[in-house]
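Keep the sequence beside you as you read.

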Amino acid sequence: MTRDEFTEFYVGSKDRCLRAAIAYGMAPDRAEEAVAEAFARAWSRWPSVRSVDSPRAWVLRTAINADISWWRKHRRELIVPDTPEPLPRDDSSFDRDLLEAVRRLPPRQRQVVALRYVLDLDAETTAHELGIARGTVSATLHHALKTLRLQLADSEGKLS
């Protein structure tokens, strides 16, 4: 039963966790590796992971930690570009303009949007995962949505 349960969790969560990691600010190729590693860790700890409030949030947090560890090991070897790495062109499962706009948000706003809208966590769980007050989640989300509306309206105006 545990294997089937994990398989169902993986299939139902993999794409959403990957999009959340990219929205959080990871480069798409690093996000794929970090999320894969996080799911491997989740499988090895599945009895405890399945009992947390949000296993998806656990996977995202583990992916973020794996990415941070990777950067610590390789930071002296890499030149970091001024602009984020472009998103993959072949994935039509998400709105590219929206995801790119989310990636331009300040880090805390990006984190809140990734958890609330990409992982579909409620405000209370988002606050718990980020270690902030629920009201801070709401205020941050308000500012993020205002910024996104402006960015997307501006990009639509440029396209016309």
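**A guided tour of the helices**

Thr140 counts as buried because its relative accessibility is 12%; buried means under 20% relative accessible area, exposed over 50% and partly exposed in between, with a 1.4 Å probe and protein chains only. This is a predicted model, where local features need pLDDT of at least 70, side-chain atom pairs count only at pLDDT 80 or more, and totals for chains, interfaces and linings use all residues. Residues are numbered from 1 along each chain as its sequence is written, and side-chain values use heavy atoms, with hydrogens and water left out.

Thr140 sits in helix α8, residues 134-159. Helices are DSSP runs (H or I, at least four residues), numbered from the N terminus. Leaving aside residues up to four places away in sequence, Thr140 touches Arg108, Gln109 and Val112. Contact here means heavy atoms within 4.5 Å.

Gln109 and Val112 lead us to helix α6, residues 107-118. Just after α6, Asp120 takes a positive phi of about 60 degrees.

Helix α7 covers residues 123-130. At its start, a side-chain oxygen of Asp122 reaches to within 3.3 Å of the backbone nitrogen of Glu124. The buried residues of α7 are Ala123, Thr125, Thr126, Ala127 and Leu130. Gly131 follows α7, and its phi is positive, near 70 degrees.

Now see how α6 meets α1. Two packed helices are described by the angle between their axes and the distance between the axes. The axes of α1 and α6 come within 8 Å and cross at roughly 165 degrees. Axes are lines fitted to C-alpha atoms, for helices over the stretch in contact, and angles run from 0 to 180 degrees between N-to-C directions. That crossing makes α1 roughly antiparallel to α6 (angles under 35 degrees count as roughly parallel, over 145 as roughly antiparallel, 65 to 115 as roughly perpendicular and the rest as oblique). From α1, Arg16, Arg19, Ala20, Ala23 and Tyr24 make the contact. From α6, the partners are Arg110, Gln111, Ala114 and Val118.

Gly25 is found in the loop between α1 and α2. With a relative accessible area of 40%, Gly25 is partly exposed. Gly25 touches Arg103 and Arg110, not counting residues up to four places away in sequence. Gly25 and Glu100 are 75 residues apart in sequence, yet 9.7 Å apart in space, C-alpha to C-alpha.

Which residues do ring pairs link into a cluster? They are Phe6, Phe9, Tyr10, Phe39, Trp43 and Trp46. Rings of Phe, Tyr and Trp (its six-membered ring) pair if their centres lie within 6.5 Å; planes under 30 degrees apart count as stacked, over 60 as edge-to-face and the rest as tilted. The whole structure holds six aromatic pairs. In one of them, the rings of Phe6 and Trp43 have centres 5.2 Å apart and planes at 50 degrees, so the pair is tilted. Phe6 lies in helix α1 (residues 2-24) and Trp43 in helix α2 (residues 28-44), so the pair ties together parts that are 37 residues apart in sequence. Phe6 is buried, at 9% relative accessibility, whereas Trp43 is partly exposed at 38%.

Phe9 and Phe39 form another tilted pair, 5.7 Å centre to centre with 55 degrees between the planes. Because Phe9 lies in α1 and Phe39 in α2, this pair ties together parts that are 30 residues apart in sequence. Both Phe9 and Phe39 are buried.

Notes: Helix = DSSP H or I, 4+ residues; strand = E, 2+ residues; numbered from the N terminus. Polar contact = N/O pair within 3.5 Å; in protein donor to acceptor, adjacent residues only side chain to side chain.
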